[in-house]
Amino acid sequence: MMRLDALDSPERRAVDLIKEVAREKNLRPYLVGGPVRDLLLGRSVIDLDFTLEEGSSTLARSMAKRLNGRVRSYPQFLTYKVTAPELPEIDIASARSEKYRAPGALPTVSEGRLQDDLMRRDFSINAIALDVISDELHDPTNGKRDLESKNIRVLHDESFIDDPTRIYRAIRLATRLGFAIEPHTKELMERAISSGALRTVSKERLWRELFLAFEEESAPAVIEALDGTLEVLFGPRQIDRSRLERAQQIAKSDASLDREALFTSAILHGNASPVDLEGSGFSQRRARTLMQIANELGRYSDSLAEAETERQRFRLLKHASPELLGVLGPSEHVARFQEYRNFRLPLRGSDLEVPVGPHIAKALERTREAVFVGEIAPEEARAFAQRMAIKYLNREHVSG
Ligand code: CTP
């Protein structure tokens, strides 16, 4: 009755193997949470999460052995991660119940039944289990009904207080799936926000949720919908959707660019300070990149527009990160600078017959620029570089 055969082939192979190993070892694994939700919606499944009332360690280790893969254990979550080449990541967990001792803190976990494991979860649509041996669905909170009516619904009134990161999860999922947040759930969420629940969560965890929002296909819409929950990190802000769209477009155009820095700078546009980044884990270099975009974009665009020569523009753009170039572009000036960066001269330091030292690299760089902008002809490059090297060398002597 459930379409496990609708899975893409690596996921299907993983499920088939789980079934095989489970039969051999007489175990009963359930596929749970996100993958069941996505299967029922006909969406593609990325990670595979299994839960067992008994024998999770046996299943995890036997799977790893069968696949020549690796198994890592996370005892605090009673979970194993099995990885193997060309297969999705497989999480195998012991069914557990959770107790939240303090709002916003991580729960204490103890072994439980499948029912406990489903009841501890965030939303009804994530609280469905599929018995992969019998194909039977366990849906104690009517998640299927909510999938059909496209609703995000919490399982009890304390859910957002126990774990306020669920506020972010609700918004992210609703936007991704085009679902509504069911009215009572919405009311609980708003109540939790206005009572300061988000302040009980560490900044690190809040940033993790924000980074997950940046990964979404519809990231700009998700971030815009998160407006009102970000105050706890950044104070009051006006979020500009078009800046987010631009960040998305740039990140998509070049996967080597720092997506997190691009989105964060779009959120903090005009007024970013290192305090805003507390808990984010951004390195100093990445923080500089994003602060440059957030705070200096206007200055860069103005100076670029005012610059009268190509050399002036290159001087300016030399200090811009690739991400800032992305935000400034596409423009004739940026394109020309990119071309310049890739331009090479067939000239080496040893061709100059000048004593070695830092003046050589400087002279070569100056010559590269001069040829590129047409200040000199290519055949003049060597003589020009020599003159420049001597000039810089003399200057070094004077200042030294
Ligand atoms: N979960 C929860 N409360 C949280 C985080 C997770 O109850 N704060 C439960 C949900 O049942 C969820 C499952 O743990 O389905 C796995 O979490 P995760 O992998 O983060 O989410 P997915 O639902 O798989 O969603 P995604 O598609 O975003 O990976």
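Visitor: Which residues lie nearest the centre of the largest pocket?
Guide: Welcome! This is a predicted model, where local features need pLDDT of at least 70, side-chain atom pairs count only at pLDDT 80 or more, and totals for chains, interfaces and linings use all residues. Residues are numbered from 1 along each chain as its sequence is written, and side-chain values use heavy atoms, leaving out hydrogens and water. A pocket is an open set of points on a 1 Å grid over the protein atoms alone, where a 1.4 Å probe fits, with protein on both sides within 12 Å along at least five of seven lines; lining residues have an atom within 4 Å of a point. Of the 48 residues lining the largest pocket, those nearest its centre are Asp49, Asp91, Arg169, Arg172 and Leu212.

Visitor: Which helix gives the most to the shell around the ligand?
Guide: The shell residues, each with a heavy atom within 4 Å of the ligand, include Gly33, Asp163 and Arg169. Helices here are DSSP runs of H or I with at least four residues, numbered from the N terminus. With 4 residues, the top contributor is helix 7.

Visitor: How far from an oxygen atom of the ligand does a polar side-chain atom of Arg176 lie?
Guide: A polar contact is a pair of N or O atoms within 3.5 Å. For Arg121, a side-chain N or O atom is 3.0 Å from a ligand oxygen. For the polar side-chain atom of Arg176, the distance to a ligand oxygen is 2.8 Å.

Visitor: Which helix gives the most to the lining of the second largest pocket?
Guide: That pocket is lined by 13 residues, Ile250 and Leu325 being among those nearest its centre. Giving 4 residues, the answer is helix 12.

Terms used. Polar contact = N/O pair within 3.5 Å; in protein donor to acceptor, adjacent residues only side chain to side chain. Helix = DSSP H or I, 4+ residues; strand = E, 2+ residues; numbered from the N terminus.
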